[in-house]
Amino acid sequence: MDEQQLVTNCLKGDKTAQKQFYEMFARKMMGVCLRYSNDLATAEDYLQESFIKVFGKLSQYQFKGSLEGWVKRIVVNVVLDELRKNRILFDSNAEVTDVLQTTDDVVSNMEAKQLLQIIQRLPTGYRTVFNLYAIEGYQHNEIANMLQISESTSKSQYQKAKIQIQKTLKAQTII
Amino acid sequence: MQPTSFENMFKDAFENFEAEVNPQIWVQVQQQIPTTAVTPQASVTFSGVKTLLIAGVTAIAAITAAVVYKSEPKLNTLVESKDNPVDNKVEKTVAPVQSIEKVLPELIKENETQKVQPAPAPASTTVLKLPETTNESSANNDNQASEPLNTVTNQTKIKESEPVVEVINQDDKHENNLSSIQNTEAEKTKETEEIKDFNWGRISNTFTPNADGKNDVFKIHLPDANYFKATILNINGKILHEWEGENGFWDGKDAGGYDLPKGMYVYYIIATDTNGNTHKTKGSISILK
């Protein structure tokens, strides 16, 4: 069954199709939710909210672009909504001088699971910006818009996140 | 700033990253998938009523809907037999709705203009629209209304007009159901309501980690929690310490095991109750020395 057929069946109320649709994306979207949270329970909350929204909005899917991309955008939006509700703070002092040497070789040798732990330990503000910029691939001006912060805050948060990650990576390689 | 290889490393690492999913999530999600329009009319009226609820015109709107729905077919049939006596009956039909008339003068005006207009629908279709009781009478209408027949119509009309009130009542009940559904939806979206239901017990706000054996650690006891995780942050939001469950505690040290200075810190607790609902709270905890 192709995606279009699957979506159509889901919209008809076909329970098997709905389950199939969910199983097609749940594991991957759980991965996304974990990246944006610092514990399992929050990630599960995000995932649940996201899929409720996905099914609620499914009739609006235009069959343009990848279905996975569409689902993921909803997931990210749900996460950002939740973060906004909890009023996460982005400290806005933009001075970042402390740039470490890159540790690319370390990163490439690490499993996603290990990297996830590092990301989860970041403060929420850093983590959010880091995810949006480095992994989702948004630009700082887009992130600024999404999070209602200034572009320079987005940049400085990202720099700080990067530094903290690099520090952790360094520490871990020493051990 | 262009993404460097550093960013690409992360991007690649998470490209196909998947994680185990708690099966409970599907159970929850499944319950909230909107039932799609198998019978389009039913879903339309449902969503219609729901939007009206949200718009805050609840009671009036429901009554309006009921009146419009109920009165339309009647008016049509009545207009068909153009005899004068029928006009009186029109007024009678509208009579039980008079209390609403006060609330909805505009609607009634609309209905009145409809009365004046000649009936657009042919007799046969109107008969189909009518409930069984009126079938006879409207069929008789075709034979031109004579006195006795008119009284029959009159009776059926009155009979029919009484249930209108009931319908309105039913709609009110329906509204209650709807609002309770909305309530449960609101509960599911979590937030403050749940926090009220959850007993956070008494979480202390100070402790003295000076190894004198008195109040040296910050412990949390949550009577309602099946599981909880506590996170200690400094006021800048940096995570210093985390633990899970009642056996855990904070000894006033940072993640590296160093003593932290006296002052205020923030705790953040995420707890799951026995029903699997998640609750969150936060507060301040001070180290005194």
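How much area is buried between chain A and chain B, and what percentage of it do carbon and sulfur atoms give?

Modeller: This is a predicted model, in which local features need pLDDT of at least 70 and side-chain atom pairs count only at pLDDT 80 or more, while totals for chains, interfaces and linings use all residues. Residues are numbered from 1 along each chain as its sequence is written, chains are lettered from A in the order in which they are written, and side-chain values use heavy atoms, with hydrogens and water left out.

About 4400 Å² is buried between chain A and chain B, and carbon and sulfur atoms give 62% of that area; buried area here is the accessible area (1.4 Å probe) that two parts lose on being put together, summed over both. Chain A brings 51 residues to the contact and chain B brings 41 residues, contact meaning heavy atoms within 4.5 Å.

Across this interface the rule finds four salt bridges, each a side-chain nitrogen of Lys or Arg within 4 Å of a carboxyl oxygen of Asp or Glu. One salt bridge joins A:Lys162 to B:Glu7, with the closest N and O atoms 3.7 Å apart. By class, the side of chain A that touches chain B has 23 nonpolar, 13 polar and 15 charged residues, where Ala, Val, Leu, Ile, Met, Phe, Trp, Tyr, Cys and Pro count as nonpolar, Asp, Glu, Lys and Arg as charged, and the others, Gly among them, as polar.

On the chain B side, B:Phe17 touches A:Lys28, A:Gly31, A:Ala112, A:Lys113 and A:Leu116, not counting residues up to four places away in sequence. B:Phe17 has a relative accessible area of 9% and is therefore buried, a word that means under 20% relative accessible area (1.4 Å probe, protein chains only).

Key: Buried < 20%, exposed > 50% of the residue type's maximum accessible area, 1.4 Å probe, protein only.
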